[in-house]
Amino acid sequence: MSKSAEQSRAEYTQRAWTLRRLSRQSSITAADLQATDRLGRFDIACRHWHKCDAVAKQTLLNDGHAHVRSAALLERMIAA
C-alpha cells in the first residue's frame, strides 16, 4: 500500500525541519542522527559531514542503507 500525498508531505516537512535545526548546530552527534530518516542521514552525510563528530561519522559510514554509506565514504575521502 502506498503512502498518501498527505503522509509524504508530512514526512518531508518533518525532515526539512529536522535538517534545518541540525544545520544550525555547530556539531552533529550520533544521537542527532537518530531523529532522521534515511534521506535525512543522506543529506547530513552529503552537506554536513564537516559538522559531524567522530561517532556520528562512524555511524553514517556503517548505516544500514547503501546510499548513506556511499555518501559518507565519499565525503570522508574528499575531506582527507
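**Exercise 1.** In this predicted model, where is the place of Lys51? Describe the surroundings of Lys51 as well.

*Solution.* Begin with the helices on either side: Lys51 lies in the loop that runs between α3 (38–47) and α4 (54–61). Next, look at the contacts, leaving aside residues up to four places away in sequence, and you will find that Lys51 touches Ser23, Arg24, Gln25, Ser26, Ser27 and Ile28. Finally, consider charge: although Lys51 is buried, it has no salt bridge, and the nearest side chain of opposite charge, that of Asp43, is 10 Å away, whereas a salt bridge requires the two charged groups to lie within 4 Å.

**Exercise 2.** Find how many disulfides the structure holds, and explain the result for Cys52.

*Solution.* Recall that a disulfide is a covalent bond between the sulfur atoms of two cysteines. The structure holds zero disulfides, and Cys46 is accordingly in none, with the sulfur of Cys52 as the nearest cysteine sulfur, 11 Å away. Because the closest cysteine sulfur to that of Cys52, in Cys46, is 11 Å away, the two are too far apart for a bond. As for accessibility, Cys46 counts as partly exposed at 32%, while Cys52 is buried at 6%.

Note on methods:
Residues are numbered from 1 along each chain as its sequence is written. This is a predicted model: local features need pLDDT of at least 70, side-chain atom pairs count only at pLDDT 80 or more; totals for chains, interfaces and linings use all residues. Side-chain values use heavy atoms; hydrogens and water are left out. Helices (H or I, at least four residues) and strands (E, at least two) are DSSP runs, numbered from the N terminus. Buried means under 20% relative accessible area, exposed over 50%, partly exposed in between (1.4 Å probe, protein chains only). Lys and Arg count as positive and Asp and Glu as negative; His and the chain ends are not counted. Contact means heavy atoms within 4.5 Å. A disulfide is a pair of cysteine sulfur atoms within 2.5 Å.
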